[in-house]
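Trainee: I am new to this structure. Could you take me through it in short questions and answers?

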Amino acid sequence: MATSDDEQYTSLPVGLSGLTAQTEAQRERRRIAVLCLPFALLLLVAGIYPLTEAIRMSVSTQPYESVGFTLDAYRTLATDPYYRGVAFNSLWFATATTVTSVAIAVPIAHALRKYELPASGLWVTLVSFPISLPGIVAAFMILVLFGNNGVVTNIVAAMSGRSAIDLAVATSVPGLFFAFLYSMIPRATLILRGSYAELDTAAEEAAQSLGATPFETFRHVTLPQIRAGIAGAFILTFRTALAIFGTLIVIQALVVWTLQIDRELSGGSFPVAGALAVVFFAFTFLFTVLGLRYTSAEVGL
């Protein structure tokens, strides 16, 4: 009959039992190291090395070589009103699209979890499907819907009698706003579904048995339980909004941080591009750390 590890451990002398515990701890550390090795390599190759190169580029005295040391690029970002405007555009647009996405995702997640919808698996697939599409495709779909010859544009034009060209919004800020929502709502919904999966339904049933309406039940019982999930959805979708780039290649209605990095690279201003990348990384990293630290947000899917 096989003996358990605990029985083997307690049957050894004191000196040997201490040695066995140390060996087991070493084995556990080795297992953790092996499991984390792929991520560590990915972090080194796709994270640390590019960031190091971006830092070197941002402080270089030469535009095409990483040599010398100067903070001129960072001084430009801090003093030039144009770059402050780009930062402002990035923040307000990311905040607006994030708040809207989370506000729309809450009722969607609520419906998917609380009601027995017909073909619920299909609905979940449809809601999550936009995540697999690149931003360029999302922008193309906005053009198809709201462009000069878009389906929605032509319908509204036919009903209102106005010109389709005057009504087209695909290449404007509203069009970009819709394109961002297309990519961000599914992410927020999937995060919130995780919070709904851990919901204490007994408390909801007790509230309803005491005469609470569905809205009162949601406000006083459900909402406090999913608050951490909402915070997590806000953090992750806000980061997504800041990082979206493919959509901006097609709909350049607003100059934000990622689009400006591409313009600096295209124009050969590599130190400024590197400084933009470093600032972007530092901001998103600190935002994530502080957000998860002080909101007890849940970010698991």
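Trainee: Which helix supplies the largest share of the lining of the largest cavity?

Mentor: This is a predicted model, in which local features need pLDDT of at least 70, side-chain atom pairs count only at pLDDT 80 or more, and totals for chains, interfaces and linings use all residues. Residues are numbered from 1 along each chain as its sequence is written, and side-chain values use heavy atoms, without hydrogens and water. Helices here are DSSP runs of H or I with at least four residues, numbered from the N terminus. At least two lining residues come from each of α4, α11 (214-243) and α13 (257-266), and the largest share, four residues, comes from α4.

Trainee: What is the volume of the largest cavity?

Mentor: A cavity is a set of points on a 1 Å grid over the protein atoms alone where a 1.4 Å probe fits but cannot get out; lining residues have an atom within 4 Å of a point. Points are joined across faces, edges and corners, and the volume is the space filled by probe spheres set on them. The whole structure holds one cavity of 30 Å³ or more. The volume of the largest cavity is about 60 Å³.

Trainee: How many residues of that lining are nonpolar, polar and charged?

Mentor: The lining includes N89, F93, F180 and W257. Ala, Val, Leu, Ile, Met, Phe, Trp, Tyr, Cys and Pro count as nonpolar, Asp, Glu, Lys and Arg as charged, and the others, Gly among them, as polar. The counts are eight nonpolar, three polar and no charged.

Trainee: Is V86 buried or exposed?

Mentor: V86 belongs to helix α4 (residues 81-114). Beyond its neighbours within four places in sequence, V86 is in contact (heavy atoms within 4.5 Å) with V255, V256, W257 and Q260. Buried means under 20% relative accessible area, exposed over 50%, and partly exposed in between, with a 1.4 Å probe and protein chains only. V86 has 2% relative accessibility, so V86 counts as buried.

Trainee: Which residue has its backbone oxygen 3.1 Å from a polar atom of the T247 side chain?

Mentor: T247 sits in helix α12 (residues 246-250). At 1% relative accessibility, T247 counts as buried. Leaving aside neighbours within four places in sequence, its contacts include I136, L176 and F180. The backbone oxygen that lies 3.1 Å from a polar atom of the T247 side chain belongs to G135.

Technical notes:
A polar contact is a pair of N or O atoms within 3.5 Å; within protein, one must be able to donate a hydrogen and the other to accept it, and residues adjacent in sequence count only if both atoms are side-chain atoms. On a 1 Å grid over the protein atoms alone, a cavity is a set of points where a 1.4 Å probe fits but cannot get out, and a pocket is an open set with protein on both sides within 12 Å along at least five of seven lines; lining residues have an atom within 4 Å of a point.
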